[in-house]
Amino acid sequence: MYFFLFTLSFDDICLISSTVPKFVVGILTHSKVISYVGCLIQMSFFMLFACTDSMLLTVMAYDRFVAICHPLYYATIMNPRLCVLLILLSVFSGLLEYQLCNLTALQLSCFQDVKIASFFCDPSQLLYLTCSDALIKNIVTYMIGILFDFFPLSGITFSYYKIVSALLKIPSSGGRYKAFSTCDSHVSVVCLYYGSGLRTYLGSALSYSPCKGDVASLMYSVVTPLLNPFLHLQPEEQGYS
């Protein structure tokens with residue numbers, strides 16, 4: 001559990017470091033300009049760490065599922081080898097999205113000379129600002145959302161479906177509350193992260209609002225990583241009969 005938390009915290013530091021330093025420098029120097037190459041680099045690293053963060057939240061949901069539904073086999077199932085493998089799969093998915101965004105961005109051309117309503121090069125808004133075909137922009141947006149948001153979110157939903165089913169079998173309400181208390185902070189962060197993320201990337205394909213997009217970007221790129229310390233759970237509360 002703490003191995004996943006350490007990896008998630010490290011990824012959150014990298015996620016914030018890919019956007020906030022440039023934002024702070026812009027405030028101090030009163031400059032809001034970023035080069036085309038710099039924008040692509042910032043977008044690529046942001047998508048790399050954001051996707052890894054998304055997959056790590058899914059892995060942690062699976063960890064909660066095993067801890068609550070199969071407490072006696074927790075140490076056997078969540079062995080160090082599997083933990084490392086799950087981390088590597090999370091990083092690999094981030095690299096896959098990194099390459100997908102790079103290939104997509106290099107195919108896009110004719111950026112309009114307008115401002116980006118965000119404090120960093122948000123991929124959803126970069127797609128909106130291009131002169132490429134609207135169908136292509138929508139396909140790319142929804143494909144990224146389905147592969148790297150919908151599937152991980154489906155895994156989290158299934159894990160918590162099994163968790164709730166197991167909790168309902170506990171006779172005492174105190175036992176159910178104690179068991180679910182190890183998951184409530186994780187559920188809160190997942191709802192905030194995916195809620196703002198899906199609203200930004202999928203909603204921008206339907207209707208674009210600079211103000212709402214800016215707020216949503218701030219929520220899932222800065223606020224959510226700051227809430228992850230609340231995910232620390234007590235190790236003695238991992239297993240329940």
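These are my notebook entries on a predicted model of one chain.

**Ground rules.** I number residues from 1 along each chain as its sequence is written, and side-chain values use heavy atoms, with hydrogens and water left out. Because the model is predicted, local features need pLDDT of at least 70 and side-chain atom pairs count only at pLDDT 80 or more, while totals for chains, interfaces and linings use all residues.

**Entry 1: the whole chain.** I looked up the secondary structure and found 10 helices and 0 strands. Here helices (H or I, at least four residues) and strands (E, at least two) are DSSP runs, numbered from the N terminus. Read from that end, the order is α-α-α-α-α-α-α-α-α-α. Of the 241 residues, 45% are buried. For burial I use relative accessible area: under 20% is buried, over 50% is exposed, and in between is partly exposed (1.4 Å probe, protein chains only). The chain exposes about 12,800 Å², and carbon and sulfur atoms supply 72% of that. Those areas come from the Shrake-Rupley method with a 1.4 Å probe; for residues, only the protein chains shown count as cover. I also checked contacts (heavy atoms within 4.5 Å). Among those with a separation of 6 or more, 79% join residues 24 or more positions apart.

**Entry 2: helix 1.** Helix 1 covers residues 2-17, which is 16 residues. From first C-alpha to last I get 22 Å, close to the 22 Å expected at 1.5 Å a residue; the expected span is 1.5 Å times one less than the number of residues. Its buried residues include Phe4, Leu5, Leu8 and Ile16, but also Asp11 and Asp12.

**Entry 3: helix 3.** I started with Ser44, which sits in this helix. Ser44 is buried, at 3% relative accessibility. Leaving out residues up to four places away in sequence, Ser44 touches Tyr98 and Asn102.

Next I went to the salt bridges, meaning a side-chain nitrogen of Lys or Arg within 4 Å of a carboxyl oxygen of Asp or Glu. The count is 1. Asp63 pairs with Arg64, with the closest N and O atoms 3.0 Å apart. Both Asp63 and Arg64 are buried.

**Entry 4: aromatic pairs.** I found 4 of them. The rule: rings of Phe, Tyr and Trp (its six-membered ring) pair if their centres lie within 6.5 Å, with planes under 30 degrees apart stacked, over 60 edge-to-face and the rest tilted. Tyr62 and Phe65 make a tilted pair, at 6.0 Å centre to centre and 40° between the planes. Why do Tyr62 and Phe65 sit about one helical turn apart? They are 3 residues apart in helix 3 (residues 36-69). An α-helix has 3.6 residues a turn, so residues three or four places apart point the same way. Tyr62 is partly exposed at 30%, whereas Phe65 is buried at 14%.

Phe150 and Phe151 have ring centres 5.8 Å apart and planes at 55°, so this pair is tilted. Phe150 is partly exposed at 49%, and Phe151 is partly exposed at 48%.

**Entry 5: a nonpolar patch.** Phe150 and Phe151 came up again here. Together with Tyr142, Met143, Ile146 and Leu147, they make a nonpolar surface patch of about 550 Å². Patches take residues with over 30% relative accessible area and no salt bridge; like charges are joined within 9 Å, nonpolar side chains (Val, Leu, Ile, Met, Phe, Trp, Tyr) within 5 Å. I checked Ile146, which lies in helix 7 (residues 134-167). Ile146 is partly exposed, with a relative accessible area of 42%.
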